[in-house]
Structures are given as structure tokens and as C-alpha cells.
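Let's take a friendly walk through this fold, from the overall layout down to one helix. Have the sequence and the model open as you read.

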Amino acid sequence: MKELDILLENFLARHAQQLERGLWREFEDLLQFEDDQLWDWLQNPQLPQAARFNAILWQIRHGTSKAH
């Protein structure tokens, strides 16, 4: 899915260092899901199945780290 590719490429470009410091595993786990599932989670982050990936999904959608 082209839209998903663009979001993920932009995320990687912005967060490469952060991923190197420990988020690669979570990102790799996220990428194990089908494109349509990832797109649903990005569009509907309140879905229960997305809860495990809320932080990284937020970063992908908004282009920045979520403030705690």
C-alpha cells in the first residue's frame, strides 16, 4: 500500500537513531502484520489489537515522539 509505505519511510527517516537505541524490535514486530491491518490501526488507534503498539503508531501518525 503506497500510503503506508510513505508513512513508514518518513517515520524511518525521522526516527532512525531512536530505533537504533531500542525500538527496532517493536517496529519489526509491528511490520509482521499485513498492510491492511497496519492501516486500520493507524486510522483507528483505539482498536484493542493496536494497544500493544500505541506508542510507535502514534509516532508514525504524528511524526514525533509522544510526550509523557
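This is a predicted model: local features need pLDDT of at least 70, side-chain atom pairs count only at pLDDT 80 or more; totals for chains, interfaces and linings use all residues.

The protein has three helices and zero strands, so its elements run α-α-α from the N terminus on. Along the principal axes, the C-alpha trace spans about 30 × 25 × 20 Å. A compact globule of 68 residues would have a radius of gyration near 11 Å, and the protein agrees, because its value is 11 Å.

Now for the surface and the charges. Of the 68 residues, 26% count as buried. The accessible surface comes to about 4600 Å², and carbon and sulfur atoms account for 49% of that. The charged side chains are listed here, and the centres of the two sets lie 9 Å apart.

| Charge | Number of side chains |
|---|---|
| Positive | 7 side chains |
| Negative | 11 side chains |

Finally, let's look at α2, which covers residues 35-43. Which residues of helix α2 are buried? They are Leu38, Trp41 and Leu42. These residues cover an arc of only 100° around the axis, so they sit on the same side of α2. What do the buried residues of α2 pack against? Their partners are α1 (2-30) and α3 (54-62).

Terms used: Residues are numbered from 1 along each chain as its sequence is written. Side-chain values use heavy atoms; hydrogens and water are left out. Helices (H or I, at least four residues) and strands (E, at least two) are DSSP runs, numbered from the N terminus. The radius of gyration is taken over C-alpha atoms; the globule rule is 2.2 Å times the number of residues to the power 0.38. Buried means under 20% relative accessible area, exposed over 50%, partly exposed in between (1.4 Å probe, protein chains only). Accessible areas come from the Shrake-Rupley method with a 1.4 Å probe; for residues, only the protein chains shown count as cover. Lys and Arg count as positive and Asp and Glu as negative; His and the chain ends are not counted. The place of a charge is taken as NZ of Lys, CZ of Arg, CG of Asp or CD of Glu. The arc is that of the directions from the helix axis to the C-beta atoms. Contact means heavy atoms within 4.5 Å.
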